[in-house]
Amino acid sequence: MLAQERYNMILAKLEEHGLTKVQELAKEFDVSIETIRRDLEFLEKQSKLKRVHGGAIQAAPVMDIADFQIRKDEYLAEKKEVSSFAYHHLPNNSMIFMDSSTTNLEISKLYKNGSKKATIVTNSILIALELSESTNIELILLGGKVDSKEKSTYGTNVLMALNSFHADYALISTSGISEDFGITDYNPDLGEIQKLMLKNSVNKIIIADSSKFNQVSNYKIASFDEISTIITDSKIKDETFKKYSSLVEILF
């Protein structure tokens with residue numbers, strides 16, 4: 001098998017599963033582990049993947065200023081389904097951590113237009129603007145450095161402020177859910193906030209449309225035993241539901 005054929009097959013596996021392992025590739029391609037490691041090193045230099053211990057994951061997406069607006073419109077029907085379920089799942093008068101995700105922005109619109117009362121603590125400027133005039137919501141915007149691309153705050157001040165709160169629920173979005181790597185995302189600065197929101201809450205909920213399963217990003221947020229529930233949409237495949245529901249509660 002030519003090297004280029006192996007490259008193509010490795011990338012195809014990453015596209016399908018989000019990750020791949022050195023030993024499995026060596027056995028499948030009938031080559032040495034050293035050969036596979038050189039293949040992965042070459043592909044990493046081409047920014048096609050990211051090497052991790054024992055294998056490789058998909059390369060993290062390159063974010064630019066348009067990304068939040070683009071992500072806001074991706075899988076919008078699925079996000080609205082997830083958002084509706086999450087909104088109706090949460091009890092009245094809850095204290096809720098919301099990260100600065102596009103799905104949480106959709107949930108904030110439901111709170112804005114609904115009758116439920118809540119205390120919402122967030123680092124999202126857009127969520128804060130959405131809820132700023134709602135009489136049913138006690139809104140707490142975490143102050144810190146401003147990420148102009150993500151329209152959110154981050155940094156030491158945000159983390160210090162978060163340690164002053166203990167919420168009933170954390171609603172955390174993600175770019176990847178993987179059997180081997182758990183819950184992952186692409187932004188370490190925002191990831192530290194997500195991790196602390198999960199730590200400082202009773203019910204630790206991941207909100208993710210079904211396209212996020214079997215995907216891996218480059219920053220780990222949590223293992224499955226560190227979360228309570230995943231809320232997703234009804235397009236989740238049966239085999240995916242069966243695989244992951246053995247690890248954590250999945251609602252849709």
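Guide: Start with Glu179, which is partly exposed at 43% relative accessibility. Buried means under 20% relative accessible area, exposed means over 50%, and partly exposed lies in between, with a 1.4 Å probe and protein chains only. The model is predicted: local features need pLDDT of at least 70, side-chain atom pairs count only at pLDDT 80 or more, and totals for chains, interfaces and linings use all residues. Residues are numbered from 1 along each chain as its sequence is written, and side-chain values use heavy atoms, with hydrogens and water left out.

What does Glu179 pair with? Its partner is Lys243, in a salt bridge whose closest N and O atoms are 4.0 Å apart. Glu179 sits in the loop between strand 10 (176-178) and strand 11 (182-185), while Lys243 is in helix 10, and the pair links distant parts of the chain, 64 residues apart. Helices (H or I, at least four residues) and strands (E, at least two) are DSSP runs, numbered from the N terminus. Lys243 has 29% relative accessibility, so it too counts as partly exposed. A salt bridge here is a side-chain nitrogen of Lys or Arg within 4 Å of a carboxyl oxygen of Asp or Glu. Side chains of opposite charge can pair when their charged atoms come close.

By this rule there are 12 salt bridges. One of them joins Lys235 to Glu78, with the closest N and O atoms 2.8 Å apart. Lys235 lies in the loop between strand 14 (229-231) and helix 10 (238-245), Glu78 lies in helix 5 (residues 76-89), and 157 residues separate these distant parts of the chain. Glu78 is buried, at 10%.

Next, take Glu130 and Lys112. Their closest N and O atoms are 3.4 Å apart, and they form a salt bridge. The link runs between distant parts of the chain: Glu130 is in helix 7 (residues 125-131), Lys112 is in helix 6 (residues 102-113), and they are 18 residues apart. Lys112 counts as partly exposed because its relative accessibility is 42%.

Lys80, Glu106 and Lys109 are linked in a network of salt bridges.

Now the charges over the whole chain. Lys and Arg count as positive and Asp and Glu as negative, with His and the chain ends not counted. The place of a charge is NZ of Lys, CZ of Arg, CG of Asp or CD of Glu. On that basis the chain has 30 positive and 36 negative side chains, and the centres of the two sets lie 2 Å apart.

Two charged residues also stand out in their backbone. Most residues other than glycine have a negative phi. Asp30 is not a glycine, yet its phi is positive, about 60 degrees. Asp30 is in the loop between helix 2 (22-29) and helix 3 (33-45), and it is exposed at 69%. Lys151 has a positive phi too, near 55 degrees. Lys151 belongs to the loop between strand 7 (145-147) and strand 8 (152-154) and is partly exposed at 32%.

Strand 7 also holds Val146, which is exposed at 53%. Contact means heavy atoms within 4.5 Å. Leaving aside neighbours within four places in sequence, Val146 is in contact with Ile125, Ser152, Thr153 and Tyr154. For contrast, look at Met98 in strand 4 (residues 94-98). Met98 is buried, at 0% relative accessibility. Not counting residues up to four places away in sequence, Met98 touches residues including Asn104, Ile107, Tyr111, Leu171 and Met197.

The chain has 10 helices and 15 strands. Its radius of gyration is 19 Å, close to the 18 Å that the globule rule gives for 252 residues, so it is as compact as a globular protein of that length. The radius is taken over C-alpha atoms, and the rule is 2.2 Å times the number of residues to the power 0.38. Of the 252 residues, 48% count as buried. Among contacts between residues at least 6 apart in sequence, 63% join residues at least 24 apart.
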